[in-house]
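Colleague: Could we go through this model together? I would like to hear about its helix packing and its core.

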Amino acid sequence: MNKLVVSLSPHAHGTDSVERNMYGVIIALVPALIVSFVYFGLGSAVVCAVSVASCVFLEWAITKYMLRRQPTVSDGSAILTGLLLGFNLPSNIPIWIVMLGAVMAIGVAKMAFGGLGCNLFNPALVGRCFLLVSFPAQMTSWPQVGQLAAFTDVQTGATPLSIMKEAIKTGDASMLDQLPDALTMLMGNPANGFGAGTIGEVCALALLIGLVYMLMKRIITWHIPVSIILTVAVMATALHLSSDVYAHPIAVLLSGGLMLGAIFMATDYVTSPMTPRGQIIYGIGIGVLTVVIRNWGSYPEGMSFAILIMNAMTPLINNYVKPKRFGVA
C-alpha cells in the first residue's frame, strides 16, 4: 500500500545558487579579460586587479564592522562588481580613482542599501557614472591599443563613438570614413590613431562568447540582451536611412559599451525586472535611451545612463507587469 509522505517545503531542490550564478558570470567575462590583457597589457591588469581587490575588501570590512554580519565575499558578487567596474574604465586611469569608484560602487550603491539583493542600481555603473561626472578628463582619455608596457604615460586617440558624435554635430558625413571596418570592430580595434575605449569593450566577439556561455548555462535569459540589441539596431537603421551623417547600424552595435552593457550590466538580477515581458520592456527602454543619448546628448556613450534610468523604472515595471496568480482567469 502506497503511503502519502507529507513534508515541509521546499519539496524540490535545484542546483541554482548565488555563488553558481556569480562565478558563472565571472567565467563568461574571462574571454574579454584575456583580450584586454592582450591589447592593453599592464594597464588592464593593474586597473582590474585594483578594482577587484578594493571591492572585495570594502564589502568584507563594511559587512563585518558596520553591518555586524558574517562577511559574504565568498559568494562572488564583490569580485564580479570589481571586474565590471574595471571593465568600464580606461586602462590608464590612476589607481586612486579606481579605488574611489569602488567606494561608490560597494559602499554607496550596494552596502548602504543592505547588501546583495537590496540595491536599487547596478553598483558597477554607479561607480562608473560617479567617476565620469567627477573626473571627465581621466575617464575620457582613451589609450591606443598595443602599448603593453605602458600604464599612465600612454598615447591616446579618438574612439569610434566620438567620431560618430562629431559627424552628427558638424553634419559632415565624410568623417565616418575614418571608422574601422566591421570585422576590426568585432575582433578589437588595433588601428593606429584610435583609442579602443574602456577595458571591457575592446572586443565585441569576446563579449558575445560570454553571452553564448551564459545562455547555455541558463545563467541569464535572452530577453534583455536581445531586446536591447534589436531596439538599437532598428533605431540605428532608421536614422542611417534618413541621413548619411548617422553611422551604419553594424558600426553602432559594435562600438562603445553596447555589448558589455546589454550582456553583463543590464542583466543584473537585482536591478532588472522579474518577468520575461517586463524584461523585454526594460530592454527596449534601455535601447531607446542609449540611441537618444548617443545621438543627441552631451556624452558620446549613453549605455550606462540608460541602464541606471531603467534600473529606477524596474519597481514600476514589476508592479504593472505581473504574471497571473494561479487559478485566476
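Predicted model: local features only at pLDDT ≥ 70, side-chain atom pairs only at ≥ 80, totals over all residues.

Colleague: How do α5 and α14 lie to each other?

Modeller: Helices here are DSSP runs (H or I, at least four residues), numbered from the N terminus. The axes of α5 (residues 123-134) and α14 (residues 303-320) are 10 Å apart, at an angle of about 125°. Angles under 35 degrees count as roughly parallel, over 145 as roughly antiparallel, 65 to 115 as roughly perpendicular and the rest as oblique. The two helices are therefore oblique to each other.

Colleague: Which residues have the most contacts inside the largest nonpolar core?

Modeller: Such a core joins buried (under 20% relative accessible area, 1.4 Å probe, protein chains only) Ala, Val, Leu, Ile, Met, Phe, Trp, Tyr and Cys residues through side-chain atoms within 4.5 Å. Helix α1 (residues 18-40) gives the largest share, 10 residues. The core has 90 residues, and those with the most contacts inside it are F87, I228, F264 and I286.

Colleague: Which helices do the buried residues of α7 pack against?

Modeller: Those buried residues of α7 (residues 160-170) include L161, I163 and M164. They pack against α8 (182-187), α11 (249-254) and α13 (276-296).

Methods:
Residues numbered from 1 in each chain as written. Heavy atoms only, no water. Axes fitted to C-alpha atoms, helices over the stretch in contact; angles between N-to-C directions. Buried < 20%, exposed > 50% of the residue type's maximum accessible area, 1.4 Å probe, protein only. Contact = heavy atoms within 4.5 Å.
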